[in-house]
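This report is written for a reader meeting the structure for the first time. Please keep the sequence and the model in view while reading.

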Amino acid sequence: MFSPRLISKLHDAKSIVAFTGAGMSAESGVPTFRGENGIWKKFKPEELANFDAFIRNPDLVWEWYKHRKQIIRFIQPNPGHFALAEMEALYPKFAVVTQNVDNLHRRAGNKTVYELHGNIERNYCIGCGTYYSNEEILKFESAPKCTKCKGLIRPDVVWFGELLPASQWFASLDSAEHADVFFSIGTSAVVHPAASLPLLARHAGAFVVEINLETTELSNQIDEFIPGKAGEILPELVRLLKDSATKE
Ligand code: OAD
C-alpha cells in the first residue's frame, strides 16, 4: 500500500502537515459536502451557509446549525484521527490543517490544529463579539440572542463569501511552505483558498500524498495517491512508522 519512496520521505522528514476535509470525519458519521449523499445535494449553501441568509432568516439558519451541532456532539474521533494524533508525537513539527469544523482532531489528541473554516462548538454575537458555548445556546428553538447586547449569535464557522481567520490561514501557509511531507486527506480540494495548500506545499518542496476514496483534481498533480479510507490507511501507516522506529 505504501511506496518505498513515501516511507523513505517519512523516515527523513522533520516537518509534516496533514490537511484534512470532510472525508476524514466520514467514518465518524459526519456527512461529507459533495458526492452522492453529500450535504450540498440536499441543502442549498446559498440559503444556509452565508451571512445574508442568516440576516434574512436567522431561525432557519439556526435550525440547520443546531441540527449539525447535535450530530457532531454525539460522534467520536475515528481511527484515522487517532493515527494523526500518534503521528504528531513522532515528528519535531507536525500540524493538522483542517477544513472541518467538528473539533475531532483536538478531541483525538492533536495539539497543533489550524481550523481554516472555524469550529462549530463555538459561537459569537455579531453585535459585540461575546463568545458562547453550545451548552449555553443549544436549548433555544429559534436563533439565540446575546444576553449583553441582544445581537444575533452565530456559529463560529466560515461562511461562503467570508475571509478565513487570518491567524489560522497564515499559520497554515507557513506550515505548508515548510513541510517535508504534506498529506491531503479526505478532501475534494475544490474550495479555495484552502484547496491551494497542497500545490503550494509541493512548489515549496514537500512530497505531497493524497489519501481519498476517489481521485480528485489534485490527484495527477501530486507525488502519490493512496486510494482508500483514511480510517484504515492512516493507522496502517502509523503502525509501519512505529515498527521501523523500534527496529533502529
Ligand atoms: P467534500 O465533501 O467536498 O469532499 C470529501 C472528500 O472526501 C471526497 O473527495 C471523498 O471522496 C472523500 N472521502 C469520503 N469518505 C472518505 C474516507 N472515509 N476516507 C478518505 N476520503 C474520503 O468535503 P471538503 O473537501 O472537506 O466549507 O469540502 C471543503 C469545504 O466545502 C468544506 O470545508 C465546507 C464545504 O462547503 C465551508 O463550509 C466553508
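The sections below describe the domains, the ligand site and several individual residues.

The structure is a predicted model. Its chain is divided into two parts: domain 1 (1–30 + 77–117 + 164–248) and domain 2 (32–74 + 122–157). To the contact between them, domain 1 gives 13 residues and domain 2 gives 9 residues. A distance of 28 Å separates the C-alpha centres of domain 1 and domain 2.

## The ligand and its surroundings

Which residues come nearest to the ligand? Of the 23 residues around the ligand, these are F33, R34, T187, S188 and N212. Sorted by class, the shell around the ligand holds 9 nonpolar, 10 polar and 4 charged residues. Both domains take part, since domain 1 and domain 2 each supply at least three residues of the shell. Among the contributing elements, helix α2 (residues 22–26) provides the largest share, with 3 residues.

A backbone N or O atom of A22 is 2.7 Å from an oxygen atom of the ligand. A polar backbone atom of F33 likewise lies 2.7 Å from an oxygen atom of the ligand. For E27, a polar side-chain atom is found 2.7 Å from a nitrogen atom of the ligand. The ligand taken alone exposes 800 Å², and the protein buries 92% of that area.

## Two buried asparagines

N100 is located in the loop between β2 (93–98) and α8 (104–108). Is N100 buried or exposed? Its relative accessible area is 5%, so N100 is classed as buried, the cut-off for this class being under 20%. The side chain of N100 reaches the backbone oxygen of G21 at 2.9 Å. Apart from neighbours within four places in sequence, the residues in contact with N100 are T20, G21, A22, M24, S25 and G118. One of these, A22, also has the backbone atom placed 2.7 Å from a ligand oxygen.

N134 belongs to helix α9 (residues 134–137). With 5% relative accessibility, N134 is counted as buried. The side chains of N134 and K69 are joined by a polar contact of 2.6 Å. When residues up to four places away in sequence are not counted, N134 touches K69, I120, E121 and N123.

## A buried strand residue and an exposed helix residue

I211 is part of strand β8 (residues 207–212). The relative accessible area of I211 is 1%, and I211 is therefore buried, as the class requires a value under 20%. Leaving out neighbours within four places in sequence, the contacts of I211 are F183, S184, I185, G186, I226, G228, A230, I233 and L234. I211 and I233 are 22 residues apart along the chain, and their C-alpha atoms are separated by 7.9 Å.

F170, in turn, is placed in helix α10 (residues 166–178). At 53% relative accessibility, F170 is counted as exposed, a class that begins over 50%. The C-alpha atom of F170 lies 9.9 Å from that of L116, although the two residues are 54 places apart along the chain.

## Backbone features

Most residues other than glycine have a negative phi, and most peptide bonds are trans. The residues described next depart from these patterns.

Where does A189 lie? A189 is in the loop between β7 and α11. Phi of A189 has a positive value, near 50°, in a residue other than glycine. A189 counts as buried at 10% relative accessibility. P193 is also found in the loop between β7 (181–185) and α11 (197–203). The peptide bond leading from H192 to P193 is cis, with omega near 10°.

K150 is not a glycine either, yet K150 has a positive phi of about 70°. The position of K150 is in the loop between α9 and β6 (153–157). K150 is exposed, and its relative accessible area is 61%.

Definitions and conventions. Residues numbered from 1 in each chain as written. Predicted model: local features only at pLDDT ≥ 70, side-chain atom pairs only at ≥ 80, totals over all residues. Heavy atoms only, no water. Near = heavy atom within 4 Å. Polar contact = N/O pair within 3.5 Å; in protein donor to acceptor, adjacent residues only side chain to side chain. Areas by Shrake-Rupley, 256 points an atom, 1.4 Å probe, with all protein chains shown as cover. Helix = DSSP H or I, 4+ residues; strand = E, 2+ residues; numbered from the N terminus. Nonpolar A, V, L, I, M, F, W, Y, C, P; charged D, E, K, R; others polar. Domains from an automatic or database assignment. Buried < 20%, exposed > 50% of the residue type's maximum accessible area, 1.4 Å probe, protein only. Contact = heavy atoms within 4.5 Å.
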